[in-house]
Amino acid sequence: MKFIDESPNYEYLNAVVRARGTRLLGREVFIRLASGSLEDMELFLLESLYGSRYREQLATGGGSLLGRIENALAGGAADILQETASLARGESLLFFSVILSQGDLHNGRILLRASPGGIRPKNSPAWHRYSLAASSFYDDLWKKCSTPAEGAVRCHEENFDFARILGESYRVLHETGDLFRAERALYSGWFAWWRERIRGRNNENGRRMAEYLGRLTDLWNFSIWLRPREAAYGERAFLPGGWGFSREALESLEDPEKLFSGSGWSFAAGKQGKLSRSDLFRSFQRHFYEWQKSLYRKNLLGIDVSIGYAALAVQEWKNLSMLAVGLSLRMPAAELERHLFLPEEEDHG
């Protein structure tokens, strides 16, 4: 990875990030868009940071209005994050790469879920294009590899680590036919790879990235914990390396309030009321997002600012994509807003 051996440049990187953070969309923009139409959103995008990407979509022709918007948003979000990452050097680049590589994790999961065969849309999904692997790699897998075996072989042809991790996941899916085991192999391989890369960096920033990976592991493990016991695979289901949830607690506790008590997470599971499993997980996802966002104003000479900024930028993309889909379905504004993670006005700047 180019520039990885240089000295970290947190001070410069964070100054640029904080300046760019002022350009992220505020709460009132999302609320205004939710009350409009898909055509209104198109006009908004043409005048926004996503404008050049949307004009690209118009120039290529074809596709639906929703499809053009979704592709422009995916490309624009990638521009925002990759242009920022291109400024990082040394340790700051390594740690920013961990954040970007979550795009690979999301893309790999999309592919595994579409992999068992059958008819899939001709056009590729709106990939998380800020990923470290090129979108062309994922396009190739989508268009040419409809079975797990074909995916495994295609990944084997590539000489980078995430292709190896995804190829192993395809192999598990091919041999077992079990999507859950394949996804677990994907997550397990990804976490192991990045933990090895940051091992030995025992400074404050290294500890923050270890915490970040541990909290991500907790998120996965909580999603498994929420499954009915008969749908899980016992102790093998949980990934090691969690930040707050011990293996013992995950395996023995059945009450979410008890699970979070003493875990280090400030998520008040008992105050969530009688939520469905999916709504409880979404609430925890929101809590994890809020934790990342809070780092934006923490250590100005470390990786905290980048973690917070990336969370805000990715959530902006997700919010805009949700708005586009909701507007295409003519959802009421109040219902649309309920599905968004709306920023507070003081989040930027």
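These are my notebook entries on one protein chain and three of its residues, I99, D104 and D140.

**Entry 1: the whole chain**

I kept in mind from the start that this is a predicted model. I began with the secondary structure and asked how many helices and strands the protein chain has. I found 17 helices and 0 strands. Next I looked up the radius of gyration, which is 20 Å for the protein chain. The globule rule gives 20 Å for 349 residues, so I noted the chain as being as compact as a globular protein of that length. I also jotted down the box that the C-alpha atoms fill, roughly 55 × 50 × 45 Å along the principal axes.

Of the 349 residues, 50% are buried. The accessible surface comes to about 16500 Å², and carbon and sulfur atoms own 50% of that. For contacts with a separation of 6 or more, I saw that 68% join residues 24 or more positions apart.

**Entry 2: I99**

I picked I99 and found it in helix α6, which covers residues 91-100. Is I99 buried or exposed? Its relative accessible area is 8%, and the cut-off for buried is under 20%, so I wrote it down as buried. Leaving out residues up to four places away in sequence, I99 touches Y130, Y212, S306, I307 and A310. I also checked I99 against L253: they are 154 residues apart in sequence, and their C-alpha atoms are 31 Å apart in space.

**Entry 3: D104**

My next stop was D104, in helix α7 (residues 102-114). Which side chain of opposite charge is nearest to D104? I got R197, but R197 is 11 Å away. D104 is buried yet has no salt bridge. As for what D104 does touch, I listed S131, L132, A133, Y138 and F162, again not counting residues up to four places away in sequence.

**Entry 4: D140**

I finished with another aspartate, D140, which sits in helix α8 (residues 135-144). I read its relative accessibility as 17%, so D140 counts as buried. What does the side chain of D140 make a polar contact with? I found the side chain of R154 there, at 2.6 Å. R154 also turns up in the list of residues that D140 touches, together with C145, once residues up to four places away in sequence are set aside.

**Entry 5: looking back at the aspartates**

I put my two aspartate notes side by side. D140 has its polar contact with R154, whereas D104 has no salt bridge.

Methods
Residues numbered from 1 in each chain as written. Predicted model: local features only at pLDDT ≥ 70, side-chain atom pairs only at ≥ 80, totals over all residues. Heavy atoms only, no water. Helix = DSSP H or I, 4+ residues; strand = E, 2+ residues; numbered from the N terminus. Buried < 20%, exposed > 50% of the residue type's maximum accessible area, 1.4 Å probe, protein only. Polar contact = N/O pair within 3.5 Å; in protein donor to acceptor, adjacent residues only side chain to side chain. Contact = heavy atoms within 4.5 Å. Lys, Arg positive; Asp, Glu negative; His and termini not counted. Salt bridge = Lys/Arg side-chain N within 4 Å of Asp/Glu carboxyl O. Rg over C-alpha atoms; globule rule 2.2 N^0.38 Å. Areas by Shrake-Rupley, 256 points an atom, 1.4 Å probe, with all protein chains shown as cover.
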